[in-house]
Each structure stands twice: as structure tokens, then as C-alpha cells.
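Here is a short briefing for a first look.

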Amino acid sequence: MRPLIGITTYREQARWGAWDVPAILLPASYADAVAGSGGGPVLLPTGAGTAEVVARLDGLILAGGADVDPARYGSDPGPNTVPRPERDATELAVLQAALTRDLPLLAICRGMQLLNVALGGDLVQHLPDVPGAGTHQLAPGLFARRQVRTAPGSVLDRLLGPAPAVDCHHHQSLGRIAAGLTPSAWAEDGVVEAVEVAGRRFCVGVQWHPEAGADPRLFAALVEAAR
């Protein structure tokens, strides 16, 4: 049987046909990547994620999206921060249940940031305000293709090699990195682009978007760990 991989989703106002209503959304590339890697994608709506739901899953993906509420790490929101507190609440509950069960986890972009916050870290709210930071988001809806450096001997080094090209679209980054998270990839400007947790079946966070670049290797590794 295909392992069931839960994927967190967006709750946004959306239009299609004659409708303009609140909707549960997810770019199809996430589900396609899971299915193409041999997993069964299961969409997790905001407001409906519980430990009981996680108990039925074999793996979890924290998808990208809007900013984590700075109140979660003791800060006020900056002028460029757009949080979704209701999504934070659902995903933190799902994440905690997954960590308790040692469920294989892939945290993507916002997901990696939420993982860091959940474990006690904080975030840089707007990278363009940081002197020396490069371009990690070309424009809304556009990815910045860039090369990252992986840590020798890391999970990412084994899966992707020492210098993979990745698709970035983020204006925030990790600030104080939580205890237990080990940085495992960096952009050329020094921004941490990935983290890992040692001693777990599979626990990797990446700041880039592997689903956008049609790179199946991280999804395949997650599905394999979930079998």
C-alpha cells in the first residue's frame, strides 16, 4: 500500500467560475510530487488538523505559505509580515503530534520556519532589510534559482550532492536556530537554507521549494522513510 503523506494547506479567499469564497488551497505540485514518488497525498485543511488525524498518517509535509505570526516567538509584526494565526495553530498541533510519533517530516519554506519556531527559535522577518543578504524572492509569484552549499555528510548532501540548484521564494529566514536543529545548507550570502534533526527517521526542513522545481528526490526520500 502507498504510505499516506499528509500535506498542510492554505485557507484563502479564492475565485473560480462564479464563486468567490474562502477555500482550502494547495498548489497541485505538492500532491503530484508525493503521488509521483509512490505516496498517497492527504490534504489537511486549516482548522481540522489534530493528533487523531496524524495518527492515521505515515508521513507529513508542512507546505509553504504566509508568514508565521511573530507573537509565536515573542516579537511584533514588521510592516512586511503577513501572518495567518489560524493556520499556525492547526499546523503547530499537527507538527507536535508528528514529532511525538517520530513521523517522517519534510518542512518546506514556511514549514521550515514553523519547525524552528515550534522548537524555540525565531525568525528574521524581512531579508531585504538585512545588509549583505542576496535576493531570495525575485517578485511575487517568481522563484529565484540559486545554488546552495550542503553540509558534508548531511542527509541533503547524500540526497542532492554538495551544491544543488534550488528554487527560492522567501522574504524571511531563520534567526535564532532552535536547539536540536542542525543547519545543513546555506546560500552564498550565508542564509541558512536547510536544517535537519539527527536521530529521527527523516526530519528535514528546506527553505526552497522542491515541488516547484520538479525535483522528486526529497519527496522520494520522505515516502521511503514513511514505508
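Leu106 is in contact (heavy atoms within 4.5 Å) with Leu60, Ile61, Leu62, Phe202, Val204, Leu218, Phe219 and Leu222, leaving aside its neighbours within four places in sequence. The model is predicted: local features need pLDDT of at least 70, side-chain atom pairs count only at pLDDT 80 or more, and totals for chains, interfaces and linings use all residues. Residues are numbered from 1 along each chain as its sequence is written, and side-chain values use heavy atoms, with hydrogens and water left out.

**Nonpolar cores**

- A nonpolar core is a set of buried (under 20% relative accessible area, 1.4 Å probe, protein chains only) Ala, Val, Leu, Ile, Met, Phe, Trp, Tyr and Cys residues joined through side-chain atoms within 4.5 Å.
- The largest one has 31 residues; Ile61, Leu106, Ile108, Leu156, Phe202, Val206 and Trp208 touch the most other members.
- Elements that each supply at least two residues include strand S1 (4-8), helix H1 (28-36), strand S6 (105-108) and helix H6 (217-226). Helices (H or I, at least four residues) and strands (E, at least two) are DSSP runs, numbered from the N terminus.
- H6 gives the most to this core, with 7 residues.
- Another core, of 30 residues, lies apart from it; Leu44, Leu95, Ala107 and Cys203 are among them.

**Around Glu188**

- Glu188 sits in the loop between strand S12 (182-186) and strand S13 (192-196).
- Glu188 counts as exposed (over 50%) because its relative accessibility is 61%.
- Beyond its neighbours within four places in sequence, Glu188 is in contact with Arg146 and Gln147.
- The C-alpha atoms of Glu188 and Val148 are separated by 6.7 Å, though the two are 40 residues apart along the chain.
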